[in-house]
Each structure stands twice: as structure tokens, then as C-alpha cells.
Amino acid sequence: MKALFILLSVLSGALACAHDEGHGPKLTDVGKYGGVVSPVVATKEASLGTKAKLVYKAELVRTEDAGVKLYLYDKDMNQLDVSRFTKSAKGVVEIIKKKKTTKTPFELSLVDGAFTGSYPKPSSRPFNIDVTVK
């Protein structure tokens, strides 16, 4: 299967106006590990907002110590075999303050069926966590 670039945008905390409703269609699914479920869309469709085509679903689970786990699911919320993806992913913490956006990158690695890593704890809220996986 050809490499597919996917993008996940998860809004954490209060709503931010960075992406006008985020990327991809709105979802009502509940996370299996207590996280937030968001749509996964192709990078080229990320700018389409809620009109972007759903490729997968993802659950982002955050911990108090700035740890994060990303689980990928198909459209029916069945967990994907992530061994076909790359062994690492790139994340960005995005803070929006008065029309100024600060982006801080971080890395995630594949551990026990989930992309796991630590993100730089943001100094303020609201903030977004975007993850790109090949």
C-alpha cells in the first residue's frame, strides 16, 4: 500500500478558532481508552474542514505528565494494525494567542499498537495537538 499522509487535529481544552471546526467531519464516537476521538484525513484535504473525507478515526489520550498515546481505528472503530505505518510520527503543539500562533514540534514512536510520546507542556490554553503519520 502506498504511503498515505494523514493528519489528525485534536482540540484540547476550550475551543480555539485556529481551524474553524477542525479537520474532517464531526464525530460522536467515544474513545476506548478515555481519550478524544477525532477524524483522520489526508493532508491534501485538511484545508477542506468538515468537508474533508474521513480516512480513519484516531483517539488521542493525554496524561497529566504531558504524555500522549495515539490509537488508530477504521471507520467502524475497530483498532487498526499499525505495523503497516511508519514506526514514528510527528506531532505539533499549537498555541493560539491574539492572532499569533506558536508551534512546538515533538516526536511519537510506535509502542504496543499505539504511537506514544511526550509533548512539550503548553504555557497556556487553548491549544491544539496535531499529529502526522505516514
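Phenylalanine 85 counts as buried in this predicted model, at 9% relative accessibility; buried means under 20% relative accessible area, exposed over 50%, and partly exposed in between (1.4 Å probe, protein chains only). Phenylalanine 85 forms an edge-to-face aromatic pair with tyrosine 56, at 5.9 Å centre to centre and 75 degrees between the planes. Rings of Phe, Tyr and Trp (its six-membered ring) pair if their centres lie within 6.5 Å, with planes under 30 degrees apart counted as stacked, over 60 as edge-to-face and the rest as tilted. The pair links distant parts of the chain, since tyrosine 56 lies in strand S3 and phenylalanine 85 in the loop between S4 and S5, 29 residues apart. Tyrosine 56 is also buried, at 8% relative accessibility.

Local features of this predicted model need pLDDT of at least 70, and side-chain atom pairs count only at pLDDT 80 or more, while totals for chains, interfaces and linings use all residues. Residues are numbered from 1 along each chain as its sequence is written, and side-chain values use heavy atoms, with hydrogens and water left out. The mean pLDDT (the predictor's confidence in each residue, from 0 to 100) is 79, and 83% of the residues reach 70 or more. Over residues 1–20 the pLDDT is below 50, and this stretch has 67 contacts in the model beyond near neighbours in sequence; contact means heavy atoms within 4.5 Å.

The chain has 0 helices and 8 strands, in the order β-β-β-β-β-β-β-β along the sequence. Helices (H or I, at least four residues) and strands (E, at least two) are DSSP runs, numbered from the N terminus. Of the 134 residues in the chain, 44% are buried. Among contacts with a separation of 6 or more, 59% are between residues 24 or more positions apart. The accessible surface comes to about 7800 Å², and carbon and sulfur atoms hold 53% of that area; accessible areas come from the Shrake-Rupley method with a 1.4 Å probe, and for residues only the protein chains shown count as cover.

Strand S3 (residues 56–62) is mostly covered, with 6 of its 7 residues buried. Strand S3 pairs with strand S2 (residues 36–42) in the antiparallel sense over 5 bridges, where two strands pair if DSSP finds at least two bridges between them. Valine 37 has glutamate 59 of S3 as its bridge partner. Strand S3 also pairs with strand S4 (residues 67–73), in the antiparallel sense and over 6 bridges, and here arginine 62 is bridged to valine 68 in S4. S3 and S4 form a hairpin with 4 residues between them, and alanine 66 in the turn has a positive phi of about 65 degrees.

S6 and S7 pair in the antiparallel sense over 4 bridges, and leucine 110 stands opposite phenylalanine 115 in S7. These two strands likewise form a hairpin with 2 residues between them, in which aspartate 112 in the turn has a positive phi of about 50 degrees.

In soluble globular proteins, nonpolar side chains tend to be buried together. A nonpolar core is here a set of buried Ala, Val, Leu, Ile, Met, Phe, Trp, Tyr and Cys residues joined through side-chain atoms within 4.5 Å. The largest such core has 22 residues, of which Leu70, Leu72, Phe85, Phe115, Tyr119 and Ile129 touch the most other members. Two or more residues each come from S3, S4, strand S5 (88–97), strand S6 (100–111) and strand S8 (127–133), and the largest share, 4 residues, comes from S8. A second, separate core of 6 residues includes Val37, Tyr71, Met77 and Ala114.

The count of aromatic pairs comes to 4. The rings of tyrosine 33 and tyrosine 71 are stacked because their centres are 4.0 Å apart and their planes are at 15 degrees. Tyrosine 33 is partly exposed, at 41% relative accessibility, whereas tyrosine 71 is buried, at 9%. Phe106, Tyr119 and Phe127 form one aromatic cluster.
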